[in-house]
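Please look over the sequence and the model, then read the points below.

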Amino acid sequence: MIKPSPITPNDLDDDIQKIIPGKDPELSISLTRIPVLETDITSKIVPVCEPTLGGNEKKYVNDCLDSNWISSAGKYIPVFEEKFAAECGCKYGVACCNGTVALHLALAALGIGPGDEVILPAFTMIATINAVTYTGATPILVDSEPCTWNIDVDQLADKVTPRTKVIIPVHTYGHPVDMDPLMEIAEKNGIFVLEDAAEAHGAEYKGRRTGSLGHAGAFSFYANKIITTGEGGMITTNNTEMAELTRNLRDHAFSTERHFWHKFMGFNYRMTNLQAAVGLAQTEQLPGFVESRRKNAALYSQLLQEIPGIVTPPEAGNVKNVYWMYSILVEDAFGMTRDELRGFLAKRGIETRTFFIPMHLQPIYHDMFKGQRYPVSEMLCERGFYLPSASSLTSEQIHHVVNVVQQAYNETHR
Ligand SMILES: *Cc1c(COP(=O)(O)O)cnc(C)c1O
């Protein structure tokens, strides 16, 4: 049996130990505060994120059940693929069972393996790097740029070697990566660009949608993503060969000439018709979700920028951020640490999440990246967290959350 990595925060350098977030605070609403009205918002939990299932989800799922088509052979799969790909400005969509697998399928189709190098940001979610590790290739990390929190394209150029086969830019928290200079480096060196767009459904860079900016994109439809299928993922691409290969690999790589004859190492990474039915209904609502999230973010930022020490999320001039999570940084001027502020919010029923812990600090990758430092990623890990961010969040809830942040500030500046 495998054993967990023995690395603890204490094994990290002294100055890094302190940036690893503490345990999640317990979410509670004080029973001593009796709500004045049943509708009193301060007496209710505000979750950090929840799916919004207000469209045709039920109708389409019932159609699957009524017609007896519930596996991956049903009619909703191609319709969902086509509709979602069109939303991304892509010719092809290949649905699969989650976002991690979407990344893995694309890398597998490229034949990435031991000896190859794949460049990705140090500041991302673990799935990005794990998908690389599954192939046996070597992950190479790049720090974030301070202005957008995304992979620093200037630093990326220095990490390219003759072994570099793929770059995986991650559109962090819904903010697109500065793709033009990245594509220039990739094209000059014959490198494939696979966007990790798991957090950026509907986002735009210079008027073009994420998922169509590189050579292929990988999306996740996990329950907390901007659109969801419960669990699910999709590869988007304009590359016919990539679409055909990933479609084949996700289904055990059955060959077309004879059944039960396999010429590639395939996987069962299929999506079910039931999930695609939900996905189609969600895709119909994507423009509305994006609009709500941008409206909510604008209100949050307008209210929060009055509070010293709170840094609101970035939006570069040439992008449309979709604010998958409304992310903020807590600076010293606030007077409380990030963890203290999270505790203050949790006691008042407001759920939050800390930013990612960078890849070079993960127990499972500790030895691989020993001695490497990524200062911007580390700063984000120390200071960042996200506030409630669902598409269905109301302006009343946003005012409530900001009031509590203001209250925390006032308590430390009496
Ligand atoms: C959510 C996420 C994934 C993984 O998606 P799953 O559907 O959970 O496998 C990959 N990359 C990023 C950046 C994500 O946020």
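Does Val48 count as buried or exposed? Its relative accessibility is 6%, so Val48 counts as buried, the cut-off for that class being under 20%. The structure is a predicted model.

**Surroundings of Val48**

- Val48 is part of the loop that runs between helix H1 (14–17) and helix H2 (57–67).
- Leaving aside residues up to four places away in sequence, Val48 touches Glu351, Thr352 and Arg353, and also Tyr386, Leu387, Pro388, Ser389 and Ala390.
- Val48 and Asn224 are 176 residues apart along the chain, and their C-alpha atoms are separated by 9.1 Å.

**The ligand and its shell**

- The ligand is surrounded by 14 residues, of which Thr100, Asp196, Glu199, Ser220 and Lys225 are the closest.
- By class, this shell consists of seven polar, four nonpolar and three charged residues.
- Two helices, H4 (99–110) and H5 (126–135), each supply at least two residues of the shell.
- At Gly99, a backbone N or O atom lies 2.8 Å from an oxygen atom of the ligand.
- At Ser220, a polar side-chain atom lies 2.7 Å from an oxygen atom of the ligand.
- At Lys225, an N or O atom in the side chain is 3.1 Å from an oxygen atom of the ligand.
- On its own, the ligand has 380 Å² of accessible area, and the protein covers 92% of that area.

**The largest nonpolar core**

- The largest nonpolar core has 40 residues; those touching the most other members are Phe80, Phe84, Tyr173, Phe221 and Phe355.
- Helices H2, H3 (76–87), H9 (273–304) and H11 (375–383) each supply at least two residues of this core.
- H9 gives the largest share of the core, with seven residues.

- Glu204 belongs to strand E6, which spans residues 204–205.
- The relative accessible area of Glu204 is 18%, and this residue is therefore buried.
- A polar contact of 3.0 Å joins the side chain of Glu204 to the side chain of Arg209.
- Not counting residues up to four places away in sequence, Glu204 touches Arg209 and also Pro176, Asn318, Val319 and Lys320.

- Most residues other than glycine have a negative phi.
- Tyr173 has a positive phi, near 55°, although this residue is not a glycine.
- Tyr173 is located in the loop between strand E4 (164–167) and helix H7 (179–189).
- With a relative accessibility of 3%, Tyr173 counts as buried, and Tyr173 is also among the core residues that touch the most other members.
- Phe260 likewise is not a glycine and has a positive phi, of about 55°.
- Phe260 is located in the loop between helix H8 (240–249) and H9.
- Phe260 counts as exposed because its relative accessibility is 64%, the cut-off for that class being over 50%.

Definitions and conventions. Residues numbered from 1 in each chain as written. Predicted model: local features only at pLDDT ≥ 70, side-chain atom pairs only at ≥ 80, totals over all residues. Heavy atoms only, no water. Helix = DSSP H or I, 4+ residues; strand = E, 2+ residues; numbered from the N terminus. Buried < 20%, exposed > 50% of the residue type's maximum accessible area, 1.4 Å probe, protein only. Contact = heavy atoms within 4.5 Å. Near = heavy atom within 4 Å. Polar contact = N/O pair within 3.5 Å; in protein donor to acceptor, adjacent residues only side chain to side chain. Areas by Shrake-Rupley, 256 points an atom, 1.4 Å probe, with all protein chains shown as cover. Nonpolar A, V, L, I, M, F, W, Y, C, P; charged D, E, K, R; others polar. Core = buried A, V, L, I, M, F, W, Y, C linked by side-chain atoms within 4.5 Å.
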